[in-house]
Amino acid sequence: MKQQLKLLFFYSLVVVGVSTFAYSSVTEENFENVKTGHLPKTWKSAATNAERTTAVWEVVETKEPFRGKKVLSLSAFDEGYGGSFNLCYTNDVSFKDGEISVWFKANNGKIDQGGGIMWRVQDKDTYYVARFNPLEDNFRFYSVINGDRKKLYSADVHLEKGWHLMKIIQKGSHFEGFLNGKKLLSYDNDAIKKSGGVGVWTKADAATSFDDFTVKDDK
């Protein structure tokens, strides 16, 4: 990551302050130093089950600055096909256990809206994902194995339009999901045991913006 900060454990505690976990490093991407229309240096876009074109992700200047002037957004997608998953991720971070958080804003989408965090990414077809869908008012964990998505756990929740903070914590085969600091999901699954990449995810035409993507490794 262009703007990543890899800090020693004791320093992460100073920066994070409230954390009780012994994280060995913290990696942060706020997109502010990424050229408009591009992706962070080590990030790439991809798709699961795309029938035609791969969606376009890019860093854009937001008209309504929130935590900075720039965000990562899905700007074009495979219109008309609801089964594709839009991915933007990096393998520069090899994540197995720890914590990932991101601010997100669901902008629009007729077939689907919202999105979330993907982790332990083996390739474009195999990873875990946590996502919020404002059309369905639910927050869910999924596993995607060889392109086949399986729902693991779901919680009903309504969020007003605007920016919200999503976080996942992974420890071994156990993971938890939070929205705006409230734990809503808790589940155990060992379908993907290996460490892998990290990134963000949406489905179909869900045009969503993301900011302040932070990974805290527990190695």
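How many bridges join strand β9 (residues 138-145) to β10, and in which sense do the two run? Eight bridges join them, and the two strands run antiparallel. The structure is a predicted model, in which local features need pLDDT of at least 70 and side-chain atom pairs count only at pLDDT 80 or more, while totals for chains, interfaces and linings use all residues. Residues are numbered from 1 along each chain as its sequence is written, and side-chain values use heavy atoms, with hydrogens and water left out.

**The protein as a whole**

- The protein has one helix and 15 strands; helices (H or I, at least four residues) and strands (E, at least two) are DSSP runs, numbered from the N terminus.
- Of the 219 residues in the protein, 51% are buried, where buried means under 20% relative accessible area, exposed means over 50%, and partly exposed lies in between (1.4 Å probe, protein chains only).
- Among the contacts in the protein with a separation of 6 or more, 67% are between residues 24 or more positions apart, a contact being heavy atoms within 4.5 Å.
- The accessible surface of the protein comes to about 10,100 Å², and 49% of this belongs to carbon and sulfur atoms; accessible areas come from the Shrake-Rupley method with a 1.4 Å probe, and for residues only the protein chains shown count as cover.

**The open sheet**

- Strands of a sheet pair through backbone hydrogen bonds, either parallel or antiparallel.
- Here seven strands form an open sheet in the order β2-β5-β14-β7-β8-β9-β10, with antiparallel pairing; two strands pair if DSSP finds at least two bridges between them.
- The edge strands of this sheet are β2 and β10 (148-156), each of which pairs on one side only.
- From one strand to the next, the twist averages 25 degrees, with axes taken as lines fitted to C-alpha atoms (for helices over the stretch in contact) and angles running from 0 to 180 degrees between N-to-C directions.

**Strand pairs within the sheet**

- At the β2 side, six bridges join β2 to β5 in the antiparallel sense, and T48 stands opposite F85 in β5.
- Strand β5 (residues 85-95) pairs with β14 over seven bridges, again antiparallel; the bridge partner of C88 in β14 is V200, and that of L87 is W201.
- Four bridges join strand β7 (residues 115-123) to β14, and these two run antiparallel, with G197 in β14 as the bridge partner of V121.

**Two buried residues in the strands**

- A47 lies in strand β2 (residues 43-48) and counts as buried because its relative accessibility is 9%.
- Not counting residues up to four places away in sequence, A47 touches T54, F85, L87 and K124; its C-alpha atom is separated by 4.8 Å from that of N86, which is 39 residues apart along the chain.
- V144, found in strand β9, counts as buried because its relative accessibility is 0%.
- Leaving aside neighbours within four places in sequence, V144 is in contact with T48, F85, D125, T126, Y127, R149 and I192; V144 and I192 are 48 residues apart in sequence and 9.4 Å apart in space, C-alpha to C-alpha.

- R120, placed in strand β7, is not a glycine and yet has a positive phi of about 50 degrees; R120 is buried, with a relative accessible area of 2%.
- D137, found in the loop between β8 (126-133) and β9, is likewise a residue other than glycine with a positive phi, near 55 degrees; D137 is partly exposed, with a relative accessible area of 26%.

**The second largest pocket**

- About 240 Å³ of space lies in the second largest pocket, a volume being the space filled by probe spheres set on grid points, which are joined across faces, edges and corners.
- On a 1 Å grid over the protein atoms alone, a pocket is an open set of points where a 1.4 Å probe fits, with protein on both sides within 12 Å along at least five of seven lines, and lining residues have an atom within 4 Å of a point.
- This pocket is lined by 14 residues, of which A106, Q113, P134, K161 and G162 lie nearest its centre.
- Strand β6 (residues 98-108) gives the most to the lining of this pocket, with four residues.
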